[in-house]
Amino acid sequence: MTVRTVLIFAALTVQEASRRRVLRSLAGLTIVLLAVSAFGFSRIDAEFDGELTTGEARLVASTVLNLVMFGLSLIAALGTAFLAGPVLAGEFESGMALAVLARPVRRSAVLVGKWLGLVAFGSGFITLAGLVQFLVVWATVGYWPPDPVAGLALLAAQTTVLLTLGLLLSTVISPMASGIVAVGLFGATWIAGVVGSVGAAIGNDAVARVGDASRMLLPTDGLWRGAMNAFQDPGLLATLSEEFNAHPFLSLSPLTGAYLAWAILWIVLVLGLAGMAFLRRDL
Amino acid sequence: MIAGPAPAVAEELLAALPPSPAVWCSSLRKRYRRQVAVDGVSFTVGRGEVVGLLGPNGAGKTTVIKMLLGLVGPDAGDVLLLGRPARDPRARTRVGYLPELFRYQPWLTAAEVLALHVRLTGISVPAEEPRECLDVVGLADRAGDRVGDFSKGMQQRLGLAVALLAGPELVILDEPTSALDPVGRADVRDLLLSLRARGVAVLLNSHLIGEVERVCDRVVILDKGRVAASGTLAELLGRRDVRLRLAGVSRAAEELLAAAGPLTRDGDWFTVGLPADEDATTVPALVDDLVALGVRVHAVEPGRISLEERLLGILRAGPGADPR
Ligand SMILES: Nc1ncnc2c1ncn2[C@@H]1O[C@H](COP(=O)(O)OP(=O)(O)O)[C@@H](O)[C@H]1O
Ligand SMILES: [Mg+2]
């Protein structure tokens, strides 16, 4: 019965996400981004064809691809963070949860189901949009990322981290505010990550630690760096000079297994906290 | 203190006993910060019984209902629904509920909302049942429309359909007519009567006392979070009256009326208070005697102190007063 409940709510949440206006805005943004990137890549191809060494062309392609993927992950993060609040807390405020939770269902199963639905929705979006983007890059400049599956999986994990945070926040603040705070924290972690890599590049440990600490507190940026590493040309780093160490759209090292384990533990912990608040809540 | 799994065993044993009431609750208590919403409420709803939950705004009716359904956690007290402890979600398998604040997924159609609730009960129902439920509440032709486009009254009707789904043995309705037009209210009354005829237990919270009086077997009156009074309508209303419109009333006839019970007169209308132990022969015998005395009887109608008057009396007397 519990598994059934989880699946029912996962399916319901995917249905909700796909019928809400948020999907249409997401789709619109994505199409704009893909079109702009297609144009951009075709210009890169036209401008540099024959004039650049292949190393430089690959550097440009990798950087721009990562930049566009960052845009996609931002869209996914915005979309799911703003969906997470209404999907859970919004239903409490509107009274929509009353009739549903009066059915023979466990609240924990409802929460896990909704979370799973959001994860499926976010991952589906990332996979679809990411694949289209890869095809665009391949068609325009003939570049194919070395590890597209791992990269997309890490982006999906990043989206999952953010929507789980959105769920937790929505148990204490209003659904809209929780979306804004989640996206704000996402941006802050990204900036802290860039600051940290600058610190590493100039050899300042204190500054470098800012990035490390923020990557532990909210694993979005660490997962994003792992994803970038999977999208960029592996031969690239060897050819790079020192000043590229702090590049915001290139990553020096792949993700460690320990960090991935931490990210998963983080998701479980935050979802557990959200569950504790959700189980105790009076409707 | 009982250790380990003993309470669970006791609960299982309790669940196995044959005729458990539809609702049994004992000493329910709930406080929101400083506000005590419910303070020691106990009552039962028997199988197939229609019970009205009455009381002024803020009396705690909705909070009691939510505690029964596990939507609000009680600070103290126990609830059994259809013989199962309310902590167990399975207790709600055969329970239908229309919340006071009714709202359904606006992105689904009416038919999809019903299909969702069928899936959530985990019971397999005949394919045509959702459609029949929509038909009962007058939404059959809107089955394919998005709930987001429904008016308030239509959403409440949809909520009624949801509550009737999957053969409930207990239906809990929290102000089911608050958004309905007069026709809708009459529909709800018919619906309640048909539920009663089918042996479905109903717990009804309504401000339309006339409706409650017409359909309920028993009422529980809450005030300031406590049970101010409860009982069958006959118990609560006590004395019955008979009103007669008479012509040609002689002194002897008037004495006869006065002997039957406390008499009041308003023009040619005479009201006689009947004793609580009156039986079915009292009124016909009185009429026979009047006719024998040459009185012309134009009308005889039962009159009783209305539930509304009784309710106001109980609530004005306040807590601590004799509830009867
Ligand atoms: N979620 C809540 N938070 C704080 N107070 C509440 C809440 N729900 C109900 N109350 C308080 O509990 C009391 C009973 O409310 P309620 O059960 O809705 O009454 P009724 O349904 O009889 O009108 C009221 O004083 C109300 O203010
Ligand atoms: Mg109420």
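**Chain A against chain B, and a magnesium site**

Start with one pair: Arg19(A) forms a salt bridge with Glu112(B), and their closest N and O atoms are 3.0 Å apart. Keep in mind that this is a predicted model. Across the interface of chain A and chain B there are two salt bridges. There are also 15 residue pairs in polar contact, both residues at pLDDT 80 or more.

Which elements of chain A give two or more residues to the side that touches chain B? They are α1 (2–19), α3 (54–94) and α4 (96–101) of chain A. α1(A) gives the most, with seven residues. By class, that side of chain A has 13 nonpolar, 11 charged and three polar residues.

Now the whole contact. Chain A brings 27 residues, and chain B brings 31 residues. The buried area between the two chains is about 2,700 Å². Carbon and sulfur atoms give 60% of that area. Three residues stand out on chain A: Met96(A), Arg103(A) and Pro104(A) supply 26% of the area that chain A buries against chain B, more than any other three residues.

Next, the metal. What coordinates the magnesium ion, ligand 2? Thr62(B) does through OG1, and Glu100(B) through OE, at 2.0 to 2.6 Å. The pair links distant parts of the chain, 38 residues apart. Thr62(B) sits in helix α2 (residues 61–68) of chain B. Glu100(B) sits in the loop between β6 (95–98) and α3 (110–121) of chain B.

Buried or partly exposed? Thr62(B) has a relative accessible area of 16%, so Thr62(B) is buried. Glu100(B) has 34%, so Glu100(B) counts as partly exposed.

Conventions
Residues are numbered from 1 along each chain as its sequence is written. Chains are lettered from A and ligands numbered from 1 in the order in which they are written. This is a predicted model: local features need pLDDT of at least 70, side-chain atom pairs count only at pLDDT 80 or more; totals for chains, interfaces and linings use all residues. Side-chain values use heavy atoms; hydrogens and water are left out. Contact means heavy atoms within 4.5 Å. Buried area is the accessible area (1.4 Å probe) that two parts lose on being put together, summed over both. A salt bridge is a side-chain nitrogen of Lys or Arg within 4 Å of a carboxyl oxygen of Asp or Glu. A polar contact is a pair of N or O atoms within 3.5 Å; within protein, one must be able to donate a hydrogen and the other to accept it, and residues adjacent in sequence count only if both atoms are side-chain atoms. Helices (H or I, at least four residues) and strands (E, at least two) are DSSP runs, numbered from the N terminus. Ala, Val, Leu, Ile, Met, Phe, Trp, Tyr, Cys and Pro count as nonpolar, Asp, Glu, Lys and Arg as charged, and the others, Gly among them, as polar. Donors are N, O and S atoms within 2.8 Å of the metal (3.2 Å for Na, K and Ca); water is not among the atoms, so sites may look incomplete. Buried means under 20% relative accessible area, exposed over 50%, partly exposed in between (1.4 Å probe, protein chains only).
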